[in-house]
Amino acid sequence: MEGAHEKLLHLTFEEAERTESSENADNSKFQSSKSMLWLQIFIFTFFVLGGQAVGTLLGRVYYEQGGKSRWIATLAQTAGFPILLPFIFYSETKNQNEPPVNASVFVRASVYIFLGLFQVVNSMSFTVGVQYLPASTYSLISGTQLAFNAITSFFLNGHKITAIILNSVVLLSFSSSVVIFQNETGDSGEISQKSLLIGFAVTTFGSLGYALQFSLTELVFQKVFKSNTLKEVMKMSFFIGFFVTIASLIGLFASGNWNDLEKEIGEYRRGKSSYFMNLICTAISWQLYAVGSVGLVSKASSLFSNVIINFGGSIVPIFAMVLLKDRITGLKVFSLLLGLWGYASYIYQHYLDDVEAKNSEIKASDNQDDDF
């Protein structure tokens, strides 16, 4: 009887060891998956910040050296989509055994066309707003995009808005709008009430539209594609870039702006080769930005992506100071500090969420041990 009891205890200990070993393996796998997720988020963040900074500075160089076409500048922001083709084809051949995405070709095409055309409308809204509003007023209104996104992500994506996130949204929105305190010669002219009303309406629509587009993109990954793999991120960026580029080309030819291109190239101060190199590098930079922003939406959230974009707007003046010899002002430093504070607040909220999730796992594991 005693031998049977010892045998039973031995079997029980073996089973407990196997259970503990299985739990350790699961925890190790979970931690590895989490580390890979944060590595991807870091890479996408680098794409957003780097692409935004380089693309913005090259766009400024384009105008300063004699470029005049708004359609060409807009086209350069999306025409880099072909560079994604090798990565898409590679991922297709590498992941042939992956289960297919639960969305038909028609549904996928409809999503890409809708989001692409929606982006064109939002971009044009901002373009019209710049023409009708003083720079300071335009900056203030467009800075509300992050606040709108916090609202749309709450209702459409189910993200909670804590006091820390609200603090981050306010700081980052204000950091991107701090230009309203800077005196600009362009703001001194008389602007009619009708122009102000039109500018206010279209810029507000553009801010709300972009916020809605980010939340809808996240909703597509969650509910329609039900997948957020790197392949889906690349496809989304590629097809949206494709449809926006087609729309921009139509606008270029419909406006007759293409007739002035030969003259513009000839008058470009740094020469023809520099003109094309600027546009090519601009296209690549903005495409990396697009991949990064869509990647952050899929791997983190639409609000996280927008936080990074607004933070990027605060650090662009620093790059301009270093590379283009811009004069640094107290307001630019203040804007950067607000951006850093807002970004740190948002990351701190993610840290608290991770700690809470880890404590919940430990508590659940302890309860299982008690039951055993």
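Helices (H or I, at least four residues) and strands (E, at least two) are taken here as DSSP runs, numbered from the N terminus. The structure is a predicted model, in which local features need pLDDT of at least 70 and side-chain atom pairs count only at pLDDT 80 or more, whereas totals for chains, interfaces and linings use all residues. Residues are numbered from 1 along each chain as its sequence is written, and side-chain values use heavy atoms, with hydrogens and water left out.

On this basis the protein chain contains 13 helices and 0 strands, and its pattern along the sequence reads α-α-α-α-α-α-α-α-α-α-α-α-α. Of the 372 residues in the protein chain, 40% are buried, where buried means under 20% relative accessible area, exposed means over 50%, and partly exposed lies in between (1.4 Å probe, protein chains only). Contact is defined as heavy atoms within 4.5 Å; among the contacts in the protein chain with a separation of 6 or more, 86% involve residues 24 or more positions apart.

The packing of helix H8 (residues 193-224) can be followed on two sides. With helix H9 (residues 230-254), the axes of H8 come within 12 Å and cross at roughly 135 degrees, the axes being lines fitted to C-alpha atoms, for helices over the stretch in contact, with angles running from 0 to 180 degrees between N-to-C directions. That angle makes H8 oblique to H9, since angles under 35 degrees count as roughly parallel, over 145 as roughly antiparallel, 65 to 115 as roughly perpendicular and the rest as oblique. The crossing of H8 and H9 is right-handed, a term applied if the near helix is turned clockwise from the far one by less than a right angle, the anticlockwise case being left-handed. Thr-217, Val-220 and Phe-221 of H8 make this contact with Glu-232, Val-233 and Met-236 of H9, and the residues concerned divide into 4 nonpolar, 1 polar and 1 charged. In this classification Ala, Val, Leu, Ile, Met, Phe, Trp, Tyr, Cys and Pro count as nonpolar, Asp, Glu, Lys and Arg as charged, and the others, Gly among them, as polar.

The loop between H8 and H9 holds Lys-226, which has a positive phi of about 50 degrees although it is not a glycine. Most residues other than glycine have a negative phi. Lys-226 is exposed, with a relative accessible area of 55%.

With helix H6 (residues 145-156), the axes of H8 come within 8 Å and cross at roughly 40 degrees, and this crossing too is right-handed. The residues of H6 that meet H8 include Gln-145, Phe-148 and Leu-156, and their counterparts in H8 include Thr-204, Tyr-210 and Leu-219. By class, the contact of H6 with H8 has 9 nonpolar, 7 polar and no charged residues.

Two residues of the loop between H6 and helix H7 (163-177) were also examined, of which one is Lys-160. Lys-160 counts as partly exposed at 45% relative accessibility and, leaving aside its neighbours within four places in sequence, is in contact with Ile-165, Gln-349, Asp-353 and Glu-356. Ile-161 lies in the loop between H6 and H7 and is partly exposed, with a relative accessible area of 36%. Not counting residues up to four places away in sequence, Ile-161 touches Ala-150, Phe-154 and Leu-166.

Helix H11 (residues 272-299) packs with H12 at an angle of about 140 degrees, their axes being 7 Å apart. Tyr-289, Ser-293, Leu-296 and Val-297 in H11 meet Ser-302, Phe-304, Ser-305, Ile-308 and Ile-309 in H12, and these residues divide into 6 nonpolar, 3 polar and no charged. Val-294, placed in helix H11, counts as buried at 11% relative accessibility. Although Val-294 and Phe-214 are 80 residues apart in sequence, their C-alpha atoms are 8.3 Å apart in space. Leaving out residues up to four places away in sequence, Val-294 touches Phe-221, Val-233, Met-236 and Ser-237.

A nonpolar core is a set of buried Ala, Val, Leu, Ile, Met, Phe, Trp, Tyr and Cys residues joined through side-chain atoms within 4.5 Å. The largest such core has 44 residues, of which Phe-221, Phe-225, Met-236, Leu-296 and Leu-303 touch the most other members; its largest share, 7 residues, comes from helix H12 (residues 302-323). A second, separate core of 11 residues includes Val-61, Ala-73, Leu-261 and Leu-279.
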